[in-house]
Amino acid sequence: MTAPPQPRPPRSLLDRLLLDPRVAERVLHVEHVPARAGRTAPWPSFVPPLLVDRLALAGVPAPWEHQAQAAELAWAGRSVVVSTGTASGKSLAYLLPVLSSMLTDERATTLYLAPTKALATDQLRAVRALNLMAVRAATYDGDTPREERDWVRRHARLVLTNPDMVSRGVLPRHSDFASFLRGLRYVVVDECHTYRGVFGSHVAQVLRRLRRVCARYGASPVFLLASATSADPAASASRLVGLDVDAVSEDASPRGVTEFALWEPPLVPDLGGENGAPVRRSATAETGDLLADLVVEGARTLAFVRSRRGAEAVALNARRAVGEVSDELPQRVAAYRAGYLPEERRELERRLQSGDLLGVAATNALELGVDVAGLDAVVLTGWPGTVASVWQQAGRAGRAGQGALAVFVARDDPLDTYLVHHPSALFGRPVEATVLDPSNPYVLGPHLCCAASELPLTEADLPLFGEPDDVRVVLGDLVRRGLLRSRAQGWFWTSRDRPEADLRGGGGPPVRLVEVGTGRLLGTVDHDASHSSAHTGAVYLHQGETYVVDRLDLSESVALVHRDDPDHTTSARDVTDIRVVEELRARQLEGVRLSLCTVDVTHQVVSFLRKRVGSGEVLGEEPLDLPARELRTRAVVYTVTPELLSRAQLERTDVPGAAHAAEHAAIGLLPLFATCDRWDIGGVSTALHEDTGQATVFVYDGHPGGAGFAERGYERGAAWLRATRDAIASCECASGCPSCVQSPKCGNGNEPLDKAGAVRLLDVVLASGLEQVAAG
């Protein structure tokens with residue numbers, strides 16, 4: 001007797017999508033991330049019964065092991081970082097000691113720092129849901145009405161804010177927070193892995209200023225940090241707060257099966273890009289279609305998009321597509337990004353929480369922990385900057401332990417193309433360590449001014465801010481410039497006006513986007529970003545509506561826009577000149593010198609391309625008249641001797657194109673080795689540079705003083721340039737395209753470029769002894 005046929009298991013979400021042959025040909029790899037069982041621990045003995053009861057009512061019968069371990073360390077007075085996966089319950093790890101302290105000590109207070117307002121609002125909602133009367137929690141940020149701020153300063157015990165507000169609104173007015181600061185027992189730094197580069201270096205100095213002011217009121221708070229998984233989280237957290245920090249990194253929470261697909265958009269037939277290069281369909285267009293397909297399947301889906309404009313475009317395309325299926329579905333798709341007005345942001349968050357929205361295209365504001373339960377799928381539109389961010393975003397699906405789908409849609413650039421063709425570079429490598437440099441004098445100087453205005457600086461304070469000798473050098477410069485006054489007792493702020501530190505590195509006040517005719521404020525753009533995204537003629541998307549910039553007025557920090565429906569998007573082009581100031585470190589190899597240098601960079605946005613919506617076809621280029629910007633920063637540099645160029649079979653006329661192509665690809669691949677974005681860095685290449693006397697390639701940090709990215713490129717030079725070489729060589733195009741050596745921001749129109757020459761150039765560089773030195 002034959003056994004009855006077993007029922008087939010239900011098809012997964014990915015299986016259903018793969019029934020479409022157009023999807024199947026785009027998916028190059030599927031990684032199956034296995035499920036994991038959870039491990040609980042007893043409640044720590046210090047947790048009051050009331051809190052245990054309230055957590056049980058909220059659906060938390062017991063903590064996971066890592067939550068209990070971190071809470072015990074913090075209660076014992078040890079600063080601790082919890083570095084576990086998305087949806088692993090990091091918030092409970094810090095809430096256990098925080099809420100227990102408030103329930104057992106009526107004077108205890110806590111300061112909670114989040115990188116986004118949305119995350120702080122979400123945490124406030126979660127704390128208030130526990131209905132603990134002794135915990136008076138409130139947000140204190142730019143959206144807090146003036147009349148509420150006095151109440152927060154006098155009565156709140158758990159203040160949820162962000163580093164910007166601590167720097168501008170708390171520390172300069174520390175006497176108004178005297179009672180709160182005296183009782184400060186804990187400082188929570190949520191999503192601390194996002195504090196990297198220049199922004200992270202600024203936040204590190206804000207935390208040092210906070211510790212100094214706390215000491216003035218007799219407080220020495222314990223720091224509790226929450227991070228995505230990262231390499232050496234204890235060292236990264238210690239560098240951020242300036243204290244020894246213990247790490248808890250073994251994740252004991254349960255996880256459902258995740259299918260992670262790598263997706264490459266197809267080439268567009270009969271369409272040539274710049275200089276006739278083959279062009280792939282844009283990642284935003286692919287994501288829009290994929291988001292629509294998932295919404296039609298009934299899957300709650302979050303699509304992460306790199307830019308504000310991209311998020312708007314994805315949502316717009318998805319709404320159009322689902323509108324062909326149902327009149328109701330377009331209302332359940334929206335964009336979520338920074339730059340919205342507070343009331344717009346809060347309404348979107350409400351609809352997200354309620355499940356009213358089925359498909360959301362978001363910038364990284366929603367990467368950072370806003371608790372949207374029950375997501376079925378996440379789409380990543382291009383490399384998000386770090387491996388940690390890949391897993392942080394992918395982990396938003398399946399948050400209740402159910403199975404989930406994550407899809408990485410490659411953009412037409414070297415890094416994304418390399419990843420979809422080399423899955424082990426994503427799935428087989430450890431998460432990076434966070435890069436930040438609090439000692440950067442361009443970062444340190446403004447914070448020393450702020451610190452001196454808060455409380456006069458003394459010799460005893462100097463080790464808090466860095467190596468004392470280095471800090472004295474910066475103080476001396478501030479005294480010479482008349483910003484500080486030096487006296488026997490220390491250093492004093494000289495002006496009645498309060499100094500400010502620009503934490504976000506925007507280079508000036510944000511540029512307001514104002515609609516002509518109505519005067520309506522649509523949003524804001526960072527000052528430096530305005531040159532490339534809000535220039536005259538730029539296409540700007542807001543809430544699914546398209547606008548064109550009529551005029552950018554940098555002196556008034558305003559861009560005037562009008563409503564329009566153009567058939568194109570815009571992309572800015574720039575040119576750069578670079579001079580070597582000082583060589584800091586170097587390795588001399590056979591015919592190659594790899595070095596880390598201080599450089600002066602002159603940078604100017606000179607034009608913009610108009611590209612057809614959807615296909616990316618270049619329709620034309622328009623000149624711009626914007627001022628040049630100068631910065632002193634750091635660069636990783638390599639030079640190649642004429643003898644080695646000959647060995648690479650590169651004639652003198654071949655060198656400019658080979659070096660240019662190698663430079664573009666190297667910029668594209670550096671984010672795989674340093675926690676940066678390709679827009680955080682720039683490059684210059686030349687067949688003969690006046691400062692080196694040889695063929696030279698520069699890749700530099702795009703921030704004053706450097707952000708640590710060039711230094712990481714110097715340290716990982718062999719692996720970085722090997723990946724660069726492999727990315728170029730494995731690209732299927734004949735002579736160069738956006739997937740390998742073309743750059744979207746090249747001010748020279750991607751000319752000259754020599755793809756084959758770049759491979760030969762990198763071959764001789766790698767054979768010069770660079771890889772052997774790295775291996776040794």
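Trainee: What ground rules apply?

Mentor: This is a predicted model, where local features need pLDDT of at least 70, side-chain atom pairs count only at pLDDT 80 or more, and totals for chains, interfaces and linings use all residues. Residues are numbered from 1 along each chain as its sequence is written, and side-chain values use heavy atoms, with hydrogens and water left out.

Trainee: Why is cysteine 214 called buried?

Mentor: Buried means under 20% relative accessible area, exposed means over 50%, and partly exposed lies in between (1.4 Å probe, protein chains only). Cysteine 214 has 0% relative accessibility, so it counts as buried.

Trainee: How many disulfides are there?

Mentor: The count is 0. A disulfide is a pair of cysteine sulfur atoms within 2.5 Å. The closest cysteine sulfur to that of cysteine 214 is in cysteine 450, 16 Å away, so it is too far for a bond.

Trainee: Is proline 172 called buried, exposed or partly exposed, and why?

Mentor: Its relative accessible area is 24%, so proline 172 is partly exposed. Proline 172 sits in the loop between helix H8 (163-170) and helix H9 (178-182). Helices (H or I, at least four residues) and strands (E, at least two) are DSSP runs, numbered from the N terminus.

Trainee: What makes proline 269 exposed?

Mentor: Its relative accessibility is 64%, so proline 269 counts as exposed. Proline 269 belongs to strand S10 (residues 267-272). From C-alpha to C-alpha, proline 269 is 43 Å from glutamate 191, and 78 residues separate them in sequence.

Trainee: How do you know that strand S29 is mostly covered?

Mentor: In S29 (residues 695-701), 7 of its 7 residues are buried. On one side these are Ala695, Val697, Val699 and Asp701. On the other they are Thr696, Phe698 and Tyr700.

Trainee: What makes S27 and S29 a pair?

Mentor: Two strands pair if DSSP finds at least two bridges between them. Strand S27 (residues 629-640) and S29 have 6 bridges, in the antiparallel sense. In one of them, threonine 639 has threonine 696 of S29 as its partner.

Trainee: How do you know that S28 pairs with S29?

Mentor: Strand S28 (residues 681-686) is joined to S29 by 6 bridges, again antiparallel. Glycine 683 is bridged to valine 699 in S29.

Trainee: What holds paired strands together in general?

Mentor: Strands of a sheet pair through backbone hydrogen bonds, either parallel or antiparallel.

Trainee: Which strands are the edge strands of the open sheet of 7 strands?

Mentor: The sheet has parallel pairing and the order S4-S5-S3-S6-S7-S2-S8. Strand S4 (137-139) and strand S8 (246-248) are its edge strands, since each pairs on one side only. Within the sheet, strand S3 (residues 109-113) and strand S5 (residues 158-161) run parallel and share 4 bridges. Leucine 113 has threonine 161 of S5 as its bridge partner.

Trainee: What makes a space a cavity, and how many are found?

Mentor: On a 1 Å grid over the protein atoms alone, a cavity is a set of points where a 1.4 Å probe fits but cannot get out, and lining residues have an atom within 4 Å of a point. Grid points are joined across faces, edges and corners, and a volume is the space filled by probe spheres set on the points. The search of the whole structure finds 7 cavities of 30 Å³ or more.

Trainee: What lines the largest cavity?

Mentor: Its lining includes Val81, Cys192, His193 and Thr434. Helix H11 (residues 233-241) gives the largest share, 4 residues. Ala, Val, Leu, Ile, Met, Phe, Trp, Tyr, Cys and Pro count as nonpolar, Asp, Glu, Lys and Arg as charged, and the others, Gly among them, as polar. By class, the lining has 7 nonpolar, 5 polar and no charged residues.

Technical notes
1 Å grid on protein atoms, 1.4 Å probe; cavity = no way out; pocket = protein on both sides within 12 Å on 5 of 7 lines; lining within 4 Å.
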